[in-house]
Amino acid sequence: MGALWIAHVTVTDPDAYGKYAELAGPAIAAHGGTFLARGGRFVQLEGRERPRNVVARFPSLEAAVACYNSPEYQAALDHARGASERELLVVETTD
């Protein structure tokens with residue numbers, strides 16, 4: 001089964017977060033991730049609103065978690081820490 005990586009983000013330091021984005025994209029792609037949504041328009045219907053929302057599809061839940069734990073993604077994440085407020089989850093799809 002596939003999986004979706006869903007991030008809700010408020011960027012507090014655009015320069016540092018830009019470096020994160022620059023490094024995170026290749027790390028995600030290296031683990032089979034493809035972006036379905038990346039900061040597009042949205043409507044918040046419930047819960048806390050974050051101005052940036054990202055959805056990436058992975059071949060499996062395990063691939064998404066391996067990506068998150070990879071040295072490449074963790075190096076990217078070093079730039080997001082302190083530069084953003086984020087929630088990130090991975091959910092398995094039914095396909």
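Ser84 is buried, with a relative accessible area of 14% (buried meaning under 20% relative accessible area, with a 1.4 Å probe and protein chains only). The model is predicted, so that local features need pLDDT of at least 70 and side-chain atom pairs count only at pLDDT 80 or more, whereas totals for chains, interfaces and linings use all residues. Residues are numbered from 1 along each chain as its sequence is written, and side-chain values use heavy atoms, with hydrogens and water left out.

Ser84 lies in strand E4 (strands being DSSP runs of E of at least two residues, and helices runs of H or I of at least four, numbered from the N terminus). Leaving aside residues up to four places away in sequence, Ser84 touches Val9, Thr10, Val11, Thr12 and Tyr17 (contact meaning heavy atoms within 4.5 Å).

Tyr17, at 7% relative accessibility, is itself buried, and Tyr20 is likewise buried with a relative accessible area of 7%. Tyr20 forms an edge-to-face aromatic pair with Tyr73, at 5.9 Å centre to centre and 80° between the planes (rings of Phe, Tyr and Trp, the last by its six-membered ring, pair if their centres lie within 6.5 Å; planes under 30 degrees apart count as stacked, over 60 as edge-to-face and the rest as tilted). Because Tyr20 lies in helix H1 and Tyr73 in helix H3, this pair ties together parts that are 53 residues apart in sequence. Tyr73 is buried, at 0% relative accessibility. Trp5, Tyr17, Tyr20, Phe58, Tyr68 and Tyr73 form one aromatic cluster.

Methods: Buried means under 20% relative accessible area, exposed over 50%, partly exposed in between (1.4 Å probe, protein chains only).
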